[in-house]
Amino acid sequence: MSAPANEDVLATPLQFLKGVGEKRAADLARVGLHTLEDLLFRFPRRYEDRSRLLPIASVRPGIRATLTGRIVHAALRTTRRRGFMIFEVILSDDSGSILLTWLNQKFLTNVLKAGQHIVVYGLAEMRGHGGLQITNPEFEHLDEEEGGAVLHTGRIVPVYERAGTVTPKLQRKIVFDALARLPADLFDPVPEALRSREGLPTRYAALHATHFPPSDVSLEDLNRFRTSGQRRLIFEEAFLFQLGVAARRRSTLTEPKSASIVVTDATREAARQVLPFKLTAGQRTALKEIVDDLQKPHPMNRLLQGDVGAGKTIVALLAAVVAMENHLQVAFMAPTEILAEQHFATISRLLAGSRFRVALLTGSTTAAARRQQRAEIASGAIHLLVGTHALVQDDVSFHRLGFVIIDEQHRFGVMQRAMLREKGLHPDVLVMTATPIPRTLALTLYGDLDCSAIRDKPPGRTPVKTLMIPDARRDEVHRFLQAELEAGRQAYVIYPLVEESEKIDLKAATEMADTLAHEVFPQFRVGLLHGKMKADAKDRVMKAFAAGEIDLLVSTTVIEVGIDVPNATVMVVEHAERFGLSQLHQLRGRVGRGTHASHCLLVYQTPMTPDAKERLTAMVETTDGFEIAERDLRLRGAGDFFGTRQAGMPTFRLIDLVRDRELLELAQREAERWFGEAAPNARAVGELLRSWSARFRLMEVG
Ligand code: ADP
Ligand code: MG
């Protein structure tokens, strides 16, 4: 797809626009606006309908109104509170007048003066003694400059984000001039066939309609970014992004696989032998998707998502059996030694009756045993090796490594795959995670990964019951814990640890452990786990808890994801209002793993922010990790979804991952189709990928 020269017009520096001199160009550059493209691909923040302005007299309280009129009075008023000033303006039109007030903005005395014609936007409210008022309205001068009447009033106008010295009004004017520069046959990166199939306007038409909408467009649609012009531009970005994803995916598809895998009746029988129970429908589907991949000529690159307890391990193991039946070795990696040991125990048990040999390789393996193991791995005598993620870094050499399973670490899975490839290995890779990722994020962040999801749970589970309890009713929590511990169960009490107040929090957690140990539950064994402890000390406490030697574990949030202590039935989260939704859900996943009914008690301090209340309510309402993930994304927005800005997260200009999910999905389908139909050559794909990585500022991984 090489662009005709007329696309270069978008690369025109803004300085060439009318009225943009060197100084203004510098102002614009400071806020990231260098070219026509930068300018035109920045959406207005909102739109105002200035074609049908309300007479001031008809404004009702509670309405966000756009009004225009003349300033008949403007004055700064001091108040009884020292240093607190109010700037008051009375705005009038033929029908009446309204009071506008700005708090502590003394400089406005030089900006808004009697006699001026302005347009304002804001929430009309009742004044104490009758009449209406707008506090801190946005405003623009309607000076009688050339063209001003066409541009700033009498139509639906775009209102841009104020950026430094670049006011919304100035930007409107520059955008208007920029649009006038575009040739009507502006190059369009979205193919015409696709446009007509989806009813999308051209790039040229969409840019015009988005910045200066025709009068018959619904203001509500505009403000929700749902007009065809806006959607078309959002789609364009998504489509170009997905083309890159598809190209990247294709470039890995050309890799040869370590060895080919076939599935026969004998293979199926071998898998059946291992299976201790009936798979759920979700497990069956996931297994089929994985085994289908194993049989393909190029390496699998798949993410298996499923809530804690969904039964991912058995699915991975059955796929491993398929690989081993094909005389391939399997590496199974977990994030920590404890988890590796757990997997090793489970897998050894399940494979006990088979001819496959399993080994565990961790930091605690003795040197002698290690030597022996290495020899057996190299000879192929060991078929399945369980270890920590360090496994790939270690210079373990396999006889025929064909399948790598990476548990609970979707973020590092990509890097591990890269590491394997550097070693010249192209095994099938399955990454498992109990942190469901909302679909739109999976589409963007892991666009080149295939996804499987297990949404159901093995039968016979009682869902964890979740309760919100205000801090003031703490003794209820203690009574509940008492009863469970007396019945022989175990429990967690989790403290938040916020970096800014780490010392204080740590002290609070330590003190709470002390109080619980000596005053509240002297008859039980209380353990403490926190991030400042040495790794082996942590390990000891965790193992003691797993072995039932500790009844109540007080912990900051370092407890391992995936740790399995079926006898633990209570999860108490202190300061639950401080935790993110996904984090709370992860914590809840530590309980409800055995046959006993489990509870999650969210202890909160009042007052709570509305967001905190929504998070806790979501926890009470649902135990479905996928639902939780979607709600979390809606609450936090994409940027914060992972707590910090995720490395490798693309920077989009127009796409909002929460709002534009559908368009992203459409773009993904269309990008795949484009590759199928246009069948681009390797060089074109290479070029696409190069410009793509720069454009979306993506780290080159995988
Ligand atoms: P996770 O998805 O969290 O890794 P696991 O694979 O550890 O879940 O499975 C959780 C528990 O459920 C294990 O004890 C496992 O043996 C059991 N399990 C998994 N699948 C089924 C099933 N289909 N029927 C009954 N029990 C199952
Ligand atoms: Mg697991």
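View 1. The bridge partner of Leu304 in E14 is Met432. In this predicted model, local features need pLDDT of at least 70 and side-chain atom pairs count only at pLDDT 80 or more, whereas totals for chains, interfaces and linings use all residues; side-chain values use heavy atoms, with hydrogens and water left out. Residues are numbered from 1 along each chain as its sequence is written, and chains are lettered from A and ligands numbered from 1 in the order in which they are written. Strand E9 (residues 301-306) pairs with E14 in the parallel sense over five bridges. Helices (H or I, at least four residues) and strands (E, at least two) are DSSP runs, numbered from the N terminus; two strands pair if DSSP finds at least two bridges between them.

View 2. E14 spans residues 428-433, and six of its six residues are buried (under 20% relative accessible area; exposed means over 50% and partly exposed in between, with a 1.4 Å probe and protein chains only). Asp428, Leu430 and Met432 point one way from the strand, Val429, Val431 and Thr433 the other way, and all are buried. Strand E13 (residues 401-407) pairs with E14 in the parallel sense, again over five bridges. Ile406 stands opposite Val431 of E14.

**View 3. The open sheet of six strands.** The strand order is E16-E21-E20-E17-E19-E18, and the pairing is parallel. E16 (465-470) and E18 stand at the edges with a single partner strand each, so one side of each has no neighbour in the sheet. Neighbouring strands of this sheet are turned by 20° against each other on average, direction ignored. Axes are lines fitted to C-alpha atoms, for helices over the stretch in contact, and angles run from 0 to 180 degrees between N-to-C directions.

View 4. E18 and E19 (residues 552-556) run parallel and are joined by four bridges. Leu529 stands opposite Ser555 in E19. From E18 the chain crosses through helix H18 (residues 535-546) to E19, a right-handed β-α-β crossover; with the strands pointing away from the viewer, the path from the first strand over the helix to the second runs clockwise.

**View 5. Strands E20 and E21 with helix H19.** Four bridges join E20 (residues 568-573) to E21 (residues 599-604), and the two run parallel. Met571 stands opposite Cys600 in E21. Helix H19 (residues 581-588) packs on the sheet, touching E16, E17 (490-495), E20 and E21, and its direction makes about 155° with that of E20. Contact means heavy atoms within 4.5 Å.

**View 6. Helices H19 and H20.** H20 (residues 610-621) lies across E16 and E21 and runs at about 145° to E16. H19 and H20 pack at an angle of about 35°, with their axes 10 Å apart. Their crossing is right-handed; a crossing is right-handed if the near helix is turned clockwise from the far one by less than a right angle, and left-handed if anticlockwise. The contact is made by Leu581, Leu584, His585 and Arg588 of H19 and by Arg615, Leu616, Ala618 and Met619 of H20.
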